[in-house]
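Me: I'd like to learn how to read a sheet and a helix pair in a model. Can you walk me through it?

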Amino acid sequence: MNREGDFSVYCVAGCDICTTFEYRVLQKQEQLALAGIACTVAGPKGQRAIDIDEFRRCDVLLLYREAAGNLVDLLAREARSRGMPVVFDIDDLLFEPEHAFQVDALTAMRPAEVAAYYQSLWRYRAALEASDYVITSSEFLAGRARALGKSVWVHPNGLSQWMMAESGGQIAQRRQSGPADRVIIGYGSGTPTHRKDLEAAGRALARILAAHPQVDLHLAGPLHLNDPRALPDCLRLFVARIKHLPLTSWRAWLATLSGFDINLAPLEMGIPFCEAKSAIKFTEAAVVGVPTVASRTAGYAAAMRDGETGFLADGPDAWAERLDQLVRDPALRRKMGDAAREEVIRHYAPEVLSRQLVETLNAMRQDYVGRRASAQAAEPRVSGTPLVLNWIIPDPTPGSGGCTNIVRILNLLASFGHRINVYVMALPLNPLPPMTDIELRAYIGRHFAPINGSVFKWSGEALAPSDAVFLTLWSTAYRFRGLERTTGKVFYFVQDWEPYFYAMGEEYLMAEQTYRMGYSCITLGQWLTGRLRDAYGADAEPFDMAVDRSIYYPRPGVARSVRRICFYARPSTPRRLFALGVKALSLVHEWRPDVEIVFFGCADTDLHVAPISFPYRNLGVLKEGELAELFSSVTAGVVLSSTNCSLLPLEMMACKCAVVDLNLETVQGVMEHEGNALLADPTPEGIAGAVRRLLDDEPLRERLVARAFDQVQQLSWERSARHIEDIVLRKLPSGQQLTGHARWTAPANLPATAALPAHEKACLDALERERHGWRWALRAGVQGWRRRELDWERKLFYGGRRVQVLGEMTAGRVIGQSFVAHFDGMHRIDVLVCTWGDVHTGDLVMHLHDVSEDDRVVAEVRVSASLMADDTYVSFCFSPQAMSRGKAYRATFETPGGASGNAVGLWAYPDVDVSEARLSVDGGTGRGQLVFGLYYQDQVCGERGGRPLTQVWTQQLTAFGYLLAPLHVYGTEGWRGMCREMGAVGRRALRYWSRRLRLSR
């Protein structure tokens, strides 16, 4: 690679649309030329054919809107073999297929065109994710790319040299001609994607045309007057004063733009596709001195100073007010146009952007060199290519220490240069909410840390090719079985001895059996390694527990109280021994009533499982920084674990908090009794005695704290991740390592399309029909049969009664549903919701009350309203209610704290009279019921239940329901899912009849 500032760029352009090609390709070529840097533009849609020999002589590969495919695969492999960074450039939100239906232009496309458009979005996404770096045209667009784990720089669309040269003459010519009798408001639509944008200013324009007869409206581009959708209805009264201007050459367009008195830049507000747009309509008009009125989107708000270099509008009244100001005041138009011109020349002139572009590319090159050097020096590997690692993880529960560790380790592996794909598997008792892949990635980022890789929902389909697969929970091992031949080496990432999570029963034995499946185990700590080797003969190696010392350290300014202790309270996790800890702390309170006891780790509603006879304060589930502040403020922390040692003791030690844990073999290699902690017998008296010793014996406490603090300073998660990396590299079969061939493959799991508009769903159906033929027809038939089945039930049981929405769930509103459970093990309630077009905020919260026990709250479940799709069921999952059969329950739904509402409503039958069900709205009881369903966990037959609830009331669930289950699964998951469900049904039937035969003897 050449020295800094002396390099060359090879640009492959995948889009030749006049506007975007000018701004994203030709302008970059010009800006680099100003710095003396050669930039060759080539490609199927570029200026000339690709010359491989010429490409090999360059230092940076720049892909502009080039979708993943054979050509890019070839170039990317060659670039990486020569140490060239691969940079992906994009100027529109074309890598989020989930939001494609918001693009209005699709409504004018033929089905085949829409299908091709969706395909292209996934290919753009694949190319972006596989590139080393990304350049975008706006900060909003950069944020969306960063959400995919990419290193992103913003390089704005600017001015070309010819624009600068032409604009001066255009301004002089306009000013020589003097003021005109007519005021021209102009709009250049550019492409058909702006059909609906004009509606943002439509009503305001109608008011201006009505109030000012001297105003004309000029529309340039595809929005032709003969198109019935081109004009909002409110403008058709003024069609005589509206002129259409066809698309012209670039220089002719600049002359046309110079003839406007006011330039329009309307966009749909709140639509991600529009928010990602750059401010080129402002810069084009500004360079010829024409003022702009623009929608207040992210791009225009960043480029314009409202009231100085242009006007921003966010509603019809604002549009009308600002247009009226400019129409009435020619001096204001000139002043604002001059200010805008000065602004864009200062920030977007070719010389300015030339320096920025060179700095950006140099920063990428230096970073790339550093990454390669670090990766090559870090490990002895089969080749210099980083690994592709697939991780299968369970549904991440906020507050889970295991999930926190997984995210931490895989992100560190990504920082070492490896490619990470994360497949999230829904657990049977905790199904994933209806999130897209991108929303799921954002969800993990909010509750744990942003994933430096790709994230996909996973239900058992084949994974992307990889060097290695990491299984992370015993249930992931069972779901993965059968896929071993389709992927690389399989590792089992073991953080605890998971059979202990259950009573001695089926789940205990199934979890234990995974250690005999022959996978290479990488364990958290030495105790697990010894247990797996000794008891199961497993191939196992440990990595050290560690602590993030950038988070866990004694907080300056936080006073540590000698009369304050904390307790890790997790009633929902039996291995954390909540009841034992409460008994011990009760003794502590008897001996030392002056000591403040602080709980953390669970919500208040979870603390009812054991009587608490002493005063306490519960802080709930805390974030890492909040934990560090707590540990810095207490004398001692009590963490009880009957399985593998928790990470919390180390984190407490790093904050100089004394630790009490149990004297079990599970803590070997981590804690030493009276060395760095006090380890107590697993009795209330033993634990309470250890706490009392720490409170009363200050020299002992200080000695333990000092030694523990010194020990944890030697621990590092990066070192642990390097150890894991070393294990993987040593155990990979010779010659197995990939050469990156899977990096440019588009994801196989397309997003859910149930919420798409009907015409767009039809377009995708046409594509699926073409791909899969009779199999698609069979699947579509099954889906249609399911819809007819639900309609039949409605007519049979409810007399054809139609459902209605109970209104938006505004703050303070509470909707309740009473019912009686008909089986034991109730663990899930599904409720049919609808959504509006507003932005969803806050959560929809369900409280489950046990009416038979003084209306006690037995579960609280929150689901983010932003994750809900229109007319779909939302699942509220909770711990199984073991003795729920025949019990009366009441479920209440509310949206606390959201004064503006969540744009979410609940569907209900208004006049259904079922004796056991009562509907309440804001405390008033009435007839009717919500559209909801109950699910029960059955030890013999698996999950039973369904929706709507009539299936439970009429007891039509047994054999017939299980026989229909494979067909239901086929409608959503295809042949693989159907075969898996048939096997599950067979196993359930075998367990059921085996039990019946045993009972009959």
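Reply: Strands of a sheet pair through backbone hydrogen bonds, either parallel or antiparallel. Here, an open sheet of 7 strands runs in the order E15-E14-E13-E16-E17-E18-E19, with parallel pairing. Strands (E, at least two residues) and helices (H or I, at least four) are DSSP runs numbered from the N terminus, and two strands pair if DSSP finds at least two bridges between them. This is a predicted model, where local features need pLDDT of at least 70, side-chain atom pairs count only at pLDDT 80 or more, and totals for chains, interfaces and linings use all residues. Residues are numbered from 1 along each chain as its sequence is written, and side-chain values use heavy atoms, leaving out hydrogens and water.

Me: Which strands stand at the edges?

Reply: E15 (454-458) and E19 (540-543); each has a single partner strand, so one side of each lacks a neighbour in the sheet. From one strand to the next, the twist averages 25°.

Me: Which strands does helix H15 touch?

Reply: H15 (residues 401-415) packs on the sheet against E13, E14, E17 (489-494) and E18 (520-524), its direction making about 170° with that of E13. Contact means heavy atoms within 4.5 Å, and angles run from 0 to 180 degrees between N-to-C directions, with axes fitted to C-alpha atoms, for helices over the stretch in contact.

Me: And how do I read two helices?

Reply: Two packed helices are described by the angle and the distance between their axes. The axes of H12 (residues 316-328) and H13 (residues 330-348) come within 5 Å and cross at roughly 105°.
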